Amino acid sequence: MEVLHFVFGIFGNATALFLFLAPAITFKRIIKSRSTEDFSGVPYVATLLNCLLSAWYGLPFVSPHNLLVSTINGAGVAIESVYVLLFLIFAVDRKARAKVGGLLCLVLLLFSAVALVSMLALHGQHRKIFCGFAATIFSICMYASPLSIMRLVIKTKSVEYMPFFLSLFVFLCGTSWFVYGLLGRDPFVAVPNGFGCGLGALQLIIYAIYRDWSGKKKEKEKKNGAEAMAVVP
């Protein structure tokens with residue numbers, strides 16, 4: 001059982017790393033166009049908070065035998081920090097920049113509060129439970145953050161702003177850590193990632209439904225453009 005637990009932890013690390021790196025394609029486009037367009041910065045700020053709290057929860061003096069949780073989330077903190085910084089640089093909408101900047105300040109305050117309370121006021125199992133609840137709540141918030149993008153996909157019938165690989169690795173990451181949590185009998189790992197597994201599956205279903213709509217829309221626009229050029233004298 002311990003070997004299987006370790007294997008799913010390694011698999012969880014691999015899928016989580018791919019999840020963290022999946023938006024690199026989006027940010028390559030943002031840097032090239034020097035604009036965040038209609039992309040939302042909220043998921044990256046939410047993921048940053050989740051990584052901070054999960055990395056803290058996985059430390060040996062908080063939660064023994066969960067170092068694999070801490071290592072990958074430590075890497076996630078570095079990666080998501082870069083994404084948030086790039087979003088702040090290239091956001092053309094002042095309201096969007098202010099929103100993400102305000103959320104970033106809130107994230108840092110929340111993490112600092114959790115870390116200080118857990119170290120100064122709590123010990124042993126009480127520290128683990130407190131940090132575990134904090135990590136669980138914000139892990140669920142991270143997985144729920146793409147709901148606004150899913151709403152946009154349904155509204156516009158276009159998957160342009162919901163990259164396939166991001167949705168795929170949300171599902172794979174949620175599934176692997178869900179199993180890891182079950183094997184380790186750790187509800188603070190299993191519960192939020194079970195939610196992520198379900199939400200990732202929903203994103204893939206929505207992508208499958210509206211992928212064809214996007215293709216048809218582009219073909220229609222191309223056809224209309226060709227017809228417009230044909231009538232030009």
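Me: What volume does the largest pocket have?
Reply: About 340 Å³. A pocket is an open set of points on a 1 Å grid over the protein atoms alone, with protein on both sides within 12 Å along at least five of seven lines. Volume is the space filled by probe spheres set on the points, which are joined across faces, edges and corners. This is a predicted model: local features need pLDDT of at least 70 and side-chain atom pairs 80 or more, while totals for chains, interfaces and linings use all residues. Numbering runs from 1 along each chain as its sequence is written, and side-chain values use heavy atoms, without hydrogens or water.

Me: Which residues lie nearest the centre of the largest pocket?
Reply: Lining residues have an atom within 4 Å of a point. The largest pocket has 18 of them, with Asp38, Phe39, Ser40, Lys99 and Ser148 nearest its centre.

Me: Which helix gives the most to that lining of the largest pocket?
Reply: Helices are DSSP runs (H or I, at least four residues), numbered from the N terminus. α7 gives the most, 5 residues. α5 (94–120) and α7 (147–156) each supply at least two.

Me: How many charged residues are in the lining of the largest pocket?
Reply: There are 6 charged, beside 7 nonpolar and 5 polar. Asp, Glu, Lys and Arg count as charged; Ala, Val, Leu, Ile, Met, Phe, Trp, Tyr, Cys and Pro as nonpolar; the others, Gly among them, as polar.

Me: How many cavities of 30 Å³ or more are found?
Reply: In a cavity, a 1.4 Å probe fits but cannot get out. The search of the whole structure finds 2. The largest has about 350 Å³, and 21 residues line it, including Pro23, Pro43 and Tyr44. Its lining has 15 nonpolar, 5 polar and 1 charged residues. α3 gives the largest share, 3 residues.

Me: What about the second largest cavity: which residues lie nearest its centre?
Reply: Asn50, Ser54, Asn73, Ser139 and Asn193, out of 20 lining residues. This second largest cavity holds about 250 Å³. Its lining divides into 14 nonpolar, 6 polar and no charged. α6 gives the most, with 5 residues.

Me: At what angle do α1 and α8 pack?
Reply: Two packed helices are described by the angle between their axes and the distance between the axes. Axes are lines fitted to C-alpha atoms over the stretch in contact (heavy atoms within 4.5 Å), and angles run from 0 to 180 degrees between N-to-C directions. α1 (residues 2–21) and α8 (residues 164–183) pack at about 160°, with axes 8 Å apart. They are therefore roughly antiparallel (over 145 degrees). Phe8 and Phe11 in α1 and Phe169 and Trp177 in α8 are among the residues that meet. By class, this contact has 15 nonpolar, 6 polar and no charged residues.

Technical notes
Angles under 35 degrees count as roughly parallel, over 145 as roughly antiparallel, 65 to 115 as roughly perpendicular and the rest as oblique.
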